[in-house]
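I opened this entry to keep a record of what I looked up, and in what order. The notes follow the display below.

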Amino acid sequence: MKCKNAQEFISQYYDKQLSKNDWRKLKSHLADCDKCLELYQKMASLNSRVKALQFPFKPTTVLETKRTSPALKVLVASGSVVGIIAALIIGFSSITPKTQNLSERPASIATDLTNKSSNYAGGNASGISPDTSNPSNKAEDERTVDNKTNKANNLQLVQDISLTLRVKNINATIKKITELTENNGGYVANLDVVQSAEQLREETIITLKVPVDKLKEVKANIREFGHVLAEKVMTEDVTLAIVDLEANLRNYRRQETRYLELIDKASKIADLEMLEQKLTEIRQNIEATQGQLQYQKSRVAMATLTINLVKKNKPKIEENWFVMMFSNAWQVFVGASSALINLLFGLLPFVIVGLIGYGAYRFVRKR
Amino acid sequence: MPLVNKAKEKMLVRLAKAGNDWAFNSLVKAFEKDVFRFAYSFLGNVADSQDIVQEVFLKVHFALQNYTDTGAKFTTWLFAITRNQCLNHLKRNRIDNVELSESLAKASFEDEVVLKNDLYLALSSLPIEMKEAFVLVALQGFSYEEAGKILEISPGTVKSRVHNARMRLIEKMGLSVNKEMSIR
C-alpha cells in the first residue's frame, strides 16, 4: 500500500466509511510506516477535538417549541410556595439551633452551607407529592415525616398503567391523545412505531406522563378512543424508600454539621485536610441522596401511561371460490410443468451420453 | 447524530405532514441543534445562524406537504434546505467566504468563546466547499453518499474534500504534516 492511499484511508476511517478489509490493510501499513502512524495520531487528536467542539447554541424562540402547560407552571409555583412554608416549619421545629450555629462559622463555609441547606429545603419540598393542590396539607406531611410518626396515611405510590387499544386510525388517535395529555398538564414522553411483517398489523406505543390527580380522567377519556383489548395497572409503593432516603439525608446533614464543628476546633493542617476530605464525601452523599429523593417524588407525582395502539389491516382474500379454484389449478399446473422441465434438463447429459454410446455401438456393428 | 431513530423520524414526519403540531415541534427539537451547527459553520455568527434555523423550519413547515419519504431521507432534505438558505444568506450579504477578521467585528459574546477554540479558527479559514463537506461528514455523521446528495456532488468528491479539509486543519492547527510522506 502506498502512503497516499493510506492517508485517505485514515481520513475515511474517521468518517466511519472504511470497510473492514481496508481497515486491515491500513493497520498492517501503519505497523510498518512511522510517518503514516504519526498522521494517524494527529487525525485522532483532531477527531477528539471535533467531537468536543461546542457551538454556542440557543434554542429558537419564535417557533413554539416550549410545551410547559399553564397547569404545570401552577404546579411548580405551588410547589415552591409549599417549599417555603415547609422550610419555615422545619426551620422552627428542628433545624433552628443548627442554622444559628452555622452563622457563627467562618464566612466562606457558612455561606456555602446555608446556600446548600436552603437549596435542600426548597428542592426537597418542591419534589412534588400526589396532592400538591393543598399547600398546608403538604407542609403538615413534611412535618409528620420529619418526626417519623403517623406515616400510614401518607402512602407514596408510583402508578404505571398500560392500555392496549384497537383503533381505526392511529395517527388521528395519537393526535387526540397528545392534545388530551397536554390539556391535563402532562406530556408525551416517548413514541415508538412497531411494524410487523407483511403489514398485517400496525402498532404504535405511546408513553405519557400525567399528573396523578388527572390520571383517572385521562384514562377514562383514552379508553373511549378505541376498543380496549387489555389493561394493566401496576402500583409500586415507594413510601419506605422515600422515608429511608429522608432519614439518610438527615443523618448526612448531622454528620456535616459535626464535621464543621470539628473543623473549627482543629489546629493541625493534617487534621484539617482529613476533615475537609470527609466533608466533601458527605456532601457528595447528600447530593446523591437528594437526587434519588427528587427522582422518587417525581415518579410519585407523575403517573406513567403506556398506550399500545393497534390497527389490524384485513388481509386481502379472494372471495370468489370459482376464480380461486382456477388460480389454484393454474398454480399447480405451473409448478408441475416447471418440475417436468427441470427433470428433462437434468436428464439431458445422460441422454447425450446414451446417444453417443448408441452411435458408437451402431458404428462398430456396421463394420 | 440524530436524536430520533428512523422509524420514529418517519412517524413524526408523517404526523407533521398531516398537521400535527406536536409532531412538528418534536422534529424541530430533534434537529434544530444540527441545523444550527451547520449554519454556524457557514456563517460564524450566532444571531444569523439562529435566523437561519427559523427560516429553515418555517420553510420545512410549508414545504412538508411536498416532501415524500420515497425520495430522499428527511435529514438529507432538511440539510439541503439549510444549505440553500445559508448560500442565499451569504449572497444577500455579499460575503463570499467568512473571514474571521470580518466576522469578529460583529461577533457576540458566545461567538468569542467559540472563536478561542483553535479548531474553530482553523475551520473558519477553510474554503466553503471543504468546510461544508467536513461539517456534514465529520460533525453530523452523514455518509459520503448522503452528503453528496445534499451538496449535489459525487460521493468521491465528498471523500476527497473531507480528506483535504482534515489535512489542512492539521496543518493550520500547528500539527504540521511532513511533506515527504506523500511522495513515498
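**Chain-level notes**

I began with chain A, where 78% of the contacts (heavy atoms within 4.5 Å) between residues at least 6 apart in sequence join residues at least 24 apart. For chain B I looked up the corresponding share, and residues 24 or more positions apart account for 65% of the contacts with a separation of 6 or more.

I note that this is a predicted model, in which local features need pLDDT of at least 70 and side-chain atom pairs count only at pLDDT 80 or more, while totals for chains, interfaces and linings use all residues. Residues are numbered from 1 along each chain as its sequence is written, chains are lettered from A and ligands numbered from 1 in the order in which they are written, and side-chain values use heavy atoms, with hydrogens and water left out.

I then listed the elements, taking helices (H or I, at least four residues) and strands (E, at least two) as DSSP runs numbered from the N terminus. Chain A has 11 helices and 5 strands, and chain B has 10 helices and 0 strands. For burial I used relative accessible area, with buried under 20%, exposed over 50% and partly exposed in between (1.4 Å probe, protein chains only). Buried residues make up 33% of the 367 residues in chain A and 54% of the 184 residues in chain B.

**Helix α10 of chain B**

I checked the length of α10(B), residues 155-172: its 18 residues should span 26 Å at 1.5 Å a residue (the expected span being 1.5 Å times one less than the number of residues), and its end C-alpha atoms are 25 Å apart, which agrees. Its buried residues include V158(B), H163(B), R166(B) and I170(B), and the buried set packs against α1 and α3 of chain A as well as α7, α8 and α9 of chain B.

N47(A) is buried at 14% relative accessible area, and, leaving aside neighbours within four places in sequence, N47(A) is in contact with Y14(A) and R166(B).

I looked up α7(A), residues 170-183, against α1(B), residues 6-17, and found an angle of about 80° with the axes 11 Å apart, where axes are lines fitted to C-alpha atoms, for helices over the stretch in contact, and angles run from 0 to 180 degrees between N-to-C directions. The two helices are therefore roughly perpendicular, a label that covers 65 to 115 degrees. I170(A), N171(A) and I174(A) meet M11(B), R14(B) and L15(B).

**Nonpolar cores**

I count as a nonpolar core a set of buried Ala, Val, Leu, Ile, Met, Phe, Trp, Tyr and Cys residues joined through side-chain atoms within 4.5 Å. Of the 98 residues in the largest one, L208(A), I222(A), I307(A), V60(B), F74(B) and F134(B) touch the most other members, and helix α2 of chain B (residues 21-43) gives the most to this core, with 14 residues. Apart from it lies another core, of 9 residues, among them V158(A) and I282(A).

**Two loop residues with positive phi**

I noted K16(A), a residue other than glycine with phi near 60°, in the loop between α1 and α2 of chain A; K16(A) is exposed at 69% relative accessible area. E152(B), likewise not a glycine, has a positive phi of about 60°, lies in the loop between α9 and α10 of chain B and counts as exposed at 68%.

Key:
Angles under 35 degrees count as roughly parallel, over 145 as roughly antiparallel, 65 to 115 as roughly perpendicular and the rest as oblique.
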